[in-house]
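User: I'd like to learn how to read helix packing in a model. Can you walk me through it?

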Amino acid sequence: MVLLVTATGGPGWVAGLLGACITFPHLFGPFLARSLDVARDGRTVLSLACVAHGATLAAAVLLHPHVPTALTALLLIATGLTGPLLTGGISSRLPAIAGPGQVAQRRAQGWDVATYGLGGTIGPSIVAVVSGWSTPTVAALVLAAATVVAAVLVRLLPHAPPPAAAGVVPRPLATLKIIATTGALRRTLYLTMVVAASVAVLPIAAVASTDRFGIAPSTAGLLTAVYGVGNLAGSVAVMVRPLRGDADRALPVLALAVAVALAGVALAPTVWVAATAYTLAGVLNAFFFATTLAARSEYAPPAARGQTFVWVGALKITAGSTGTAAAGAVIAHAVHLPAALGAVVISAAAGAAVLDRRHQTRSGR
């Protein structure tokens, strides 16, 4: 959308506004997610969400030059509302796909992490190639069409009956209360949000570090790319050798490992050290992400599993947007500051999670 507005001569504030209209509605996605837990066939809900996502995106793109910006914004808000169902909602189907075994589920979670990384790489690549060959409008329509194709593919997933009668499935705010009062889910939520906000600074830090290292601005893209490569490598490692043990106990350790990698980004004396730190951050974040998926699946009550996945996913995306905005605000003071602050905040959250778990254990006794 940013590229489309820019290509048609629109002002920067309109491009930013329309881009935000796709991302900020994710926060309200959980209020649609209860349908996953009460539907006779959750695949139908996901397929309809895919169709709605593609249709509203296509309508916004085609109508944008001919209608008021407010109407385009409303269509993109509708697009964004379905987003959490296409991410956390589909991830909530993993137990039905992989079966009840922990090793099989965690291997599937590695595949799931890989799909996020591949989507984040292939999507922009399609936009770049198709926009160069044709126009940004055609590029956006290709993505919209792909989402409609996904609606068909979702129907091929294994069927899973509803986990409970509709009257037993909690409402969205009640589900959020369950997450907040269930120790393992609470820790999963705030660690997920803190890590997402912190790693979101890396693209900003990469661009700003070009002067620091005396390299061409185009090299910033390579730093971001090696983070993506590391993330994909980490997800492959989880597929090959699934993580074992208690996800709740592992999350603070993995979060702290991500913090160490961010500290390496902040302190790197050369671009090669920085590239290594970016790669390591990608690998470790893949391990962390896969473990958050395991925690959501294993600790969420069956009657609210879909909502739990969507709540955590929606708040994660919101936190990532906040981290990007915060990085842009503070990086003018010092290039290394966003990554350094991210490392500090993650370390504090990991420490809080350890204390939280110990307190819960003592209270339980």
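Analyst: Let's begin with handedness: a crossing is right-handed if the near helix is turned clockwise from the far one by less than a right angle, and left-handed if anticlockwise. In this predicted model, α14 passes α15 in a right-handed crossing. The two helices pack at an angle of about 145°, and their axes are 9 Å apart.

User: Which residues of α14 and α15 meet there?

Analyst: From α14 come Phe 289, Leu 293, Arg 296 and Ser 297; on the α15 side you'll find Arg 305, Thr 308, Phe 309, Val 312, Gly 313 and Lys 316. By type, the contact has four nonpolar, three polar and three charged residues. As for the spacing, an α-helix has 3.6 residues a turn, so residues three or four places apart point the same way.

User: How many residues does α14 have, and what span does it reach?

Analyst: Helix α14 runs over residues 271-299, which is 29 residues, and reaches 41 Å from first C-alpha to last, close to the expected 42 Å.

User: Why is α14 described as largely enclosed?

Analyst: Buried here means under 20% relative accessible area. Because 21 of its 29 residues are buried, α14 is largely enclosed by the rest of the structure.

User: What about the largest nonpolar core?

Analyst: That core has 39 residues, and Phe 288 is one of those with the most contacts inside it, along with Leu 202, Val 258, Tyr 278 and Ile 346. Helices α10, α11, α12, α13, α14 and α16 each supply at least two of the core's residues. Beyond its sequence neighbours within four places, Phe 288 touches residues including Leu 191, Val 195, Leu 251 and Val 258.

Notes:
Residues are numbered from 1 along each chain as its sequence is written. This is a predicted model: local features need pLDDT of at least 70, side-chain atom pairs count only at pLDDT 80 or more; totals for chains, interfaces and linings use all residues. Side-chain values use heavy atoms; hydrogens and water are left out. Helices (H or I, at least four residues) and strands (E, at least two) are DSSP runs, numbered from the N terminus. The expected span of a helix is 1.5 Å times one less than its number of residues. Buried means under 20% relative accessible area, exposed over 50%, partly exposed in between (1.4 Å probe, protein chains only). A nonpolar core is a set of buried Ala, Val, Leu, Ile, Met, Phe, Trp, Tyr and Cys residues joined through side-chain atoms within 4.5 Å. Contact means heavy atoms within 4.5 Å. Axes are lines fitted to C-alpha atoms, for helices over the stretch in contact, and angles run from 0 to 180 degrees between N-to-C directions. Ala, Val, Leu, Ile, Met, Phe, Trp, Tyr, Cys and Pro count as nonpolar, Asp, Glu, Lys and Arg as charged, and the others, Gly among them, as polar.
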